[in-house]
Amino acid sequence: SASMFACLDVMNKFFVDKESFWSMIFYTALFTALICAYPAYMCWAPVTTTQLGLLALLGGGANALLFALLKAFSMVDASALAPFRYAELILSALVGWMFFAEVPAMSTLLGALVIIPSTLLVIWKGSGEE
């Protein structure tokens, strides 16, 4: 999933000046649905009305997040957004722990301990060259 999010960020930054926000949100949702349709079909279970409502809230929130991200990409360089994207990773882990009793795997924690400082170092070194 990390590689897919990275590809999405690169594509969003490339197209943000060429396409409207709404078309980018539409195509992101369309390609996500196409990529996930077969795996979802293979393990689909009926959903309750409550779950359907929660899925609708999740979809609305995800689209609001994507809109805000696209707006940010249109205003600043992608590297300036990296610290906020890593805050998203930390917040997601925290929400998973608080609400779903999920404990991040050791490999996830080790990966975060390598990737986050490395990226921040690259950004810091790059900002000193200007």
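In helix H3, the buried residues are Leu-66, Leu-69, Leu-70, Ala-72 and Phe-73. Here, buried means under 20% relative accessible area, exposed means over 50%, and partly exposed is in between (1.4 Å probe, protein chains only). Helices (H or I, at least four residues) and strands (E, at least two) are DSSP runs, numbered from the N terminus.

Before going on, please keep in mind that this is a predicted model, in which local features need pLDDT of at least 70 and side-chain atom pairs count only at pLDDT 80 or more, while totals for chains, interfaces and linings use all residues. Residues are numbered from 1 along each chain as its sequence is written, and side-chain values use heavy atoms, with hydrogens and water left out.

**The overall picture**

The protein has 5 helices and 0 strands, which gives the pattern α-α-α-α-α when read along the sequence. Its C-alpha atoms fill a box of roughly 55 × 40 × 25 Å, taken along the principal axes. Of the 130 residues in the protein, 15% are buried. Contact means heavy atoms within 4.5 Å. Among contacts between residues at least 6 apart in sequence, 70% join residues at least 24 apart.

How does the span of H3 agree with what its 27 residues should give? The expected span of a helix is 1.5 Å times one less than its number of residues. For H3 that should be 39 Å, and its end C-alpha atoms are 39 Å apart, so the two agree. H2 has 22 residues and should span 32 Å, and its end C-alpha atoms are 32 Å apart, which agrees as well.

H2 also has a bend of about 45 degrees at Cys-36, with a proline, Pro-39, following within four residues. The bend at a residue is the angle between axes fitted to the seven residues ending there and the seven starting there. The buried residues of H2 are Phe-21, Ser-23, Met-24, Ile-25 and Thr-28.

**The nonpolar core**

A nonpolar core is a set of buried Ala, Val, Leu, Ile, Met, Phe, Trp, Tyr and Cys residues joined through side-chain atoms within 4.5 Å. The largest one here has 10 residues: Val-16, Phe-21, Met-24, Ile-25, Leu-66, Leu-69, Leu-70, Ala-72, Phe-73 and Leu-81. Helix H2 (21–42) and helix H3 (49–75) each supply at least two residues of this core. The largest share, 5 residues, comes from H3.

Let us look at some residues in turn. Leaving aside neighbours within four places in sequence, Met-24 is in contact with Asn-12, Phe-15, Val-16, Glu-19 and Leu-70. Leu-81 is found in helix H4. Not counting residues up to four places away in sequence, Leu-81 touches Leu-69, Ala-72, Phe-73 and Val-76. Thr-28 lies in helix H2. With residues up to four places away again left out, Thr-28 touches Leu-8, Asn-12 and Leu-66.

Val-76 has its place in the loop between H3 and H4. Apart from neighbours within four places in sequence, Val-76 is in contact with Lys-13 and Leu-81. Ala-64 is found in helix H3. The C-alpha atoms of Ala-64 and Ile-25 are separated by 9.4 Å, although these residues are 39 residues apart along the chain.

| Residue | Relative accessible area | Class |
|---|---|---|
| Leu-81 | 9% | buried |
| Thr-28 | 17% | buried |
| Val-76 | 35% | partly exposed |
| Ala-64 | 46% | partly exposed |
| Ala-101 | 66% | exposed |

**A loop and a pocket**

Where is Ala-101 placed? Ala-101 is in the loop between helix H4 (78–100) and helix H5 (106–128). Ala-101 has a positive phi of about 55 degrees although it is not a glycine.

The second largest pocket has a volume of about 260 Å³. On a 1 Å grid over the protein atoms alone, a pocket is an open set of points where a 1.4 Å probe fits, with protein on both sides within 12 Å along at least five of seven lines; lining residues have an atom within 4 Å of a point. Grid points are joined across faces, edges and corners, and a volume is the space filled by probe spheres set on the points. Of the 13 residues that line this pocket, the closest to its centre are Leu-89, Ala-93, Pro-104, Thr-108 and Leu-109. H4 and H5 are the elements that give two or more residues to this lining, and H4 gives the most, with 6 residues.
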